[in-house]
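Subject: Structure handover

Hello,

Here is the structure you were expecting.

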Amino acid sequence: RCAVRGKVFIDCSGDADIAQWGGLPFEKGDAQGHMLYPTLMFKVGNVDGARAQEAWKTIPQLMDQAAASGEFTFPRRGAIVRPQKHDYEWRVNVTQLANADGSAADGTDAASLSAGELEGRRQITEYLKFLRAKVPGFENAYVLDIAPQLGIRETRRIVGEAMLTKEDVLGCADFEDSIGVNGWPLEMHTAGDVQWLWPPIPGSRGYNQLPFRMMVPRRGPGVAANVLVAGRCASMTHEGQSAARVSGSCFVMGEAAGTAAAMALRDGNAPADVPVAALQAQLQRQGAFLGRQE
């Protein structure tokens, strides 16, 4: 048991661990507690790229046919199978990891995580059988690489001074305290499927700004003022988080949180009190794109 002392803390744990330990308000899942399902990613090797060609376009249809015939079962629809730099290597995003009761594997529960690692490997071996049997060019493919850990999409999310919503993403929202942008649509990994919702294309610019306030825990009695929260555990609704949880948005939030923390320490302020205009100017000097259409 120990204490870790710091003037400013940035919670980039993905699970809002620091926020939770510090008693900051958070949510988990949707109104019923349902979270986005995790995935164990993997790659296959020894693919005949000349024969596979654009197999990523036909694989979902082949999966539907195989499932309808009863020859194969799949944890979810909506497989994302893509060639890599070398066309004999393909990346596969198809597994979906659930608990025994069908709910999403929980990235904050050790037993659920362990079970998910085992189930993910079982699903990988089964999916490889499908690729070999049904997809031209994959007859001699093998598992080349498995991700070192489950890809957790959602656990805890803080309740912040601002909360990014589904409407913000689909409406390409602007915020006066923008620290960067998110260009990803809603990507909701529900039971057995993946549901996508995009901003109007080509009728919109295709991205929403991210407010600094989504990284600032909502102030209240006993709420620490020296914490920022960045990444997939920042302040977002369940649906908004399905978009802004991705790597690009996490990069944006991470840079902004680190920059704000440095400025707060330099000036003797709480991170939430860093002047937004000064923060934005510094981010732009560092090359950040704030999404302003000037």
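Below are the findings, grouped by the part of the chain they concern.

Please keep in mind that this is a predicted model.

Helices 7 and 8

Helix 7 covers residues 247-267 and helix 8 covers residues 276-285; their axes come within 10 Å and cross at roughly 120°. Helix 7 is therefore oblique to helix 8. The crossing of the two is right-handed. On the helix 7 side, the residues in contact are Glu255, Ala256, Thr259, Ala260 and Met263, and they meet Ala278, Leu279, Gln282 and Leu283 of helix 8. Sorted by class, this contact has 6 nonpolar, 2 polar and 1 charged residues.

Helix 8 also holds Val276. This residue is partly exposed, because its relative accessibility is 28%, and the range for that class lies between 20% and 50%. What does Val276 touch, once neighbours within four places in sequence are left aside? The contacts of Val276 are Glu176 and Asp177. Glu176 is 100 residues away from Val276 in sequence, yet the two C-alpha atoms are 8.7 Å apart in space.

Helix 3 and what covers it

Helix 3 runs over residues 55-69, which is 15 residues. From first C-alpha to last, helix 3 reaches 20 Å, close to the 21 Å expected at 1.5 Å a residue. Which residues of helix 3 are buried? They are Ala55, Ile59, Met63 and Ala66. The cover over these buried residues includes helix 2 (49-52), strand 4 (80-83), strand 5 (90-93) and helix 4 (110-134). After helix 3 comes Gly70, with a positive phi near 85°.

Strand 5, which is part of that cover, contains Asn93. Is Asn93 buried or exposed? Asn93 is buried, because its relative accessible area is 7% and the cut-off for buried is under 20%. Setting aside neighbours within four places in sequence, Asn93 has contacts with Thr39, Met41, Arg76, Gly78, Ala79, Ile80 and Arg153.

Backbone points to look at

Most residues other than glycine have a negative phi, and most peptide bonds are trans. The places below depart from one or the other of these patterns.

Ala16 is not a glycine, but its phi is positive, about 55°. Ala16 sits in the loop that joins strand 1 (9-11) to helix 1 (17-21). With a relative accessibility of 0%, Ala16 counts as buried.

Asn46 is another residue other than glycine with a positive phi, here near 65°. Its loop lies between strand 3 (42-45) and helix 2. Asn46 counts as partly exposed, at 40% relative accessibility.

Where is the cis peptide bond? The bond runs from Ile201 to Pro202, and its omega is near 10°. Pro202 belongs to the loop between strand 10 (193-197) and strand 11 (208-211).

Regards

Technical notes:
Residues are numbered from 1 along each chain as its sequence is written. This is a predicted model: local features need pLDDT of at least 70, side-chain atom pairs count only at pLDDT 80 or more; totals for chains, interfaces and linings use all residues. Side-chain values use heavy atoms; hydrogens and water are left out. Axes are lines fitted to C-alpha atoms, for helices over the stretch in contact, and angles run from 0 to 180 degrees between N-to-C directions. Helices (H or I, at least four residues) and strands (E, at least two) are DSSP runs, numbered from the N terminus. Angles under 35 degrees count as roughly parallel, over 145 as roughly antiparallel, 65 to 115 as roughly perpendicular and the rest as oblique. A crossing is left-handed if the near helix is turned anticlockwise from the far one by less than a right angle, and right-handed if clockwise. Contact means heavy atoms within 4.5 Å. Ala, Val, Leu, Ile, Met, Phe, Trp, Tyr, Cys and Pro count as nonpolar, Asp, Glu, Lys and Arg as charged, and the others, Gly among them, as polar. The expected span of a helix is 1.5 Å times one less than its number of residues. Buried means under 20% relative accessible area, exposed over 50%, partly exposed in between (1.4 Å probe, protein chains only).
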